[in-house]
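Colleague: I would like to learn how to read a model of this kind, one feature after another. Please give me the general idea each time, and then the case at hand.

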Amino acid sequence: MSSVKNGTPIDVIPIEEVHSIEACRNYVTLFTSSGQYVKEQSMKYFKAHLPDHLFLCIHRSYILHIHQILRVEQFGKDSYQIKLKNGSTLGASSNKYKFLKHRLKLATER
């Protein structure tokens with residue numbers, strides 16, 4: 001669970017509602033079904049505190065909920081795109097793709 005200050009109120013976001021997280025300097029944007037929330041927190045914090053069995057870092061700027069993955073596509077020689085169920089597309093580095101492939105038990109490419 002993460003809390004995000006939204007003006008005066010503080011929104012509490014259950015972790016299972018987070019689709020993806022995107023870094024932007026010292027802030028992150030949490031993407032959920034109900035909207036986007038900006039939080040003054042580092043990606044390093046989320047990498048350390050999110051459950052490994054649900055979340056995966058696919059790029060230094062992106063963490064995603066693995067149950068939100070719809071499709072994985074190669075994009076160029078050494079990069080990949082991850083299409084999420086909500087229609088958004090995130091880039092995965094070739095290095096992080098290896099972890100994703102292992103986690104999703106994807107067949108080895110020939």
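Colleague: Is Phe46 buried or exposed, and what is its relative accessible area?

Modeller: Buried means under 20% relative accessible area, exposed means over 50%, and partly exposed lies in between, with a 1.4 Å probe and protein chains only. Phe46 is buried, because its relative accessible area is 3%. Please keep in mind that this is a predicted model, in which local features need pLDDT of at least 70 and side-chain atom pairs count only at pLDDT 80 or more, while totals for chains, interfaces and linings use all residues. Residues are numbered from 1 along each chain as its sequence is written, and side-chain values use heavy atoms, with hydrogens and water left out.

Colleague: How many aromatic pairs does the structure hold?

Modeller: A pair of aromatic rings is described by the distance of the centres and the angle of the planes. Rings of Phe, Tyr and Trp (its six-membered ring) pair if their centres lie within 6.5 Å, and planes under 30 degrees apart count as stacked, over 60 as edge-to-face and the rest as tilted. The structure holds two such pairs.

Colleague: Why is the pair of Tyr80 and Tyr97 stacked?

Modeller: The ring centres of Tyr80 and Tyr97 are 3.6 Å apart and their planes stand at 5 degrees, so the pair is stacked. This pair links distant parts of the chain, since Tyr80 lies in strand 9 (residues 79-84) and Tyr97 in helix 2 (residues 94-104), 17 residues apart. Helices (H or I, at least four residues) and strands (E, at least two) are DSSP runs, numbered from the N terminus. Both Tyr80 and Tyr97 are buried.

Colleague: What is the order of the strands in the open sheet?

Modeller: Two strands pair if DSSP finds at least two bridges between them. The open sheet has five strands in the order 5-4-3-7-6, with antiparallel pairing. Strand 5 (35-39) and strand 6 (55-59) stand at the edges with a single partner strand each, so one side of each is left without a neighbour in the sheet. Strand 3 (residues 18-24) pairs with strand 7 (residues 62-65) over three bridges, and Ser20 stands opposite Leu64 there. Strand 3 pairs with strand 4 over six bridges, where Ile21 stands opposite Leu30, and five bridges join strand 4 to strand 5. Strand 4 (residues 27-32) is mostly covered, with five of its six residues buried.

Colleague: How many salt bridges does a search of the whole structure find?

Modeller: A salt bridge is a side-chain nitrogen of Lys or Arg within 4 Å of a carboxyl oxygen of Asp or Glu. The search finds one, in which the side chains of Glu73 and Arg71 meet at 2.7 Å, N to O. Glu73 is partly exposed at 30% relative accessible area, and Arg71 is partly exposed at 40%.
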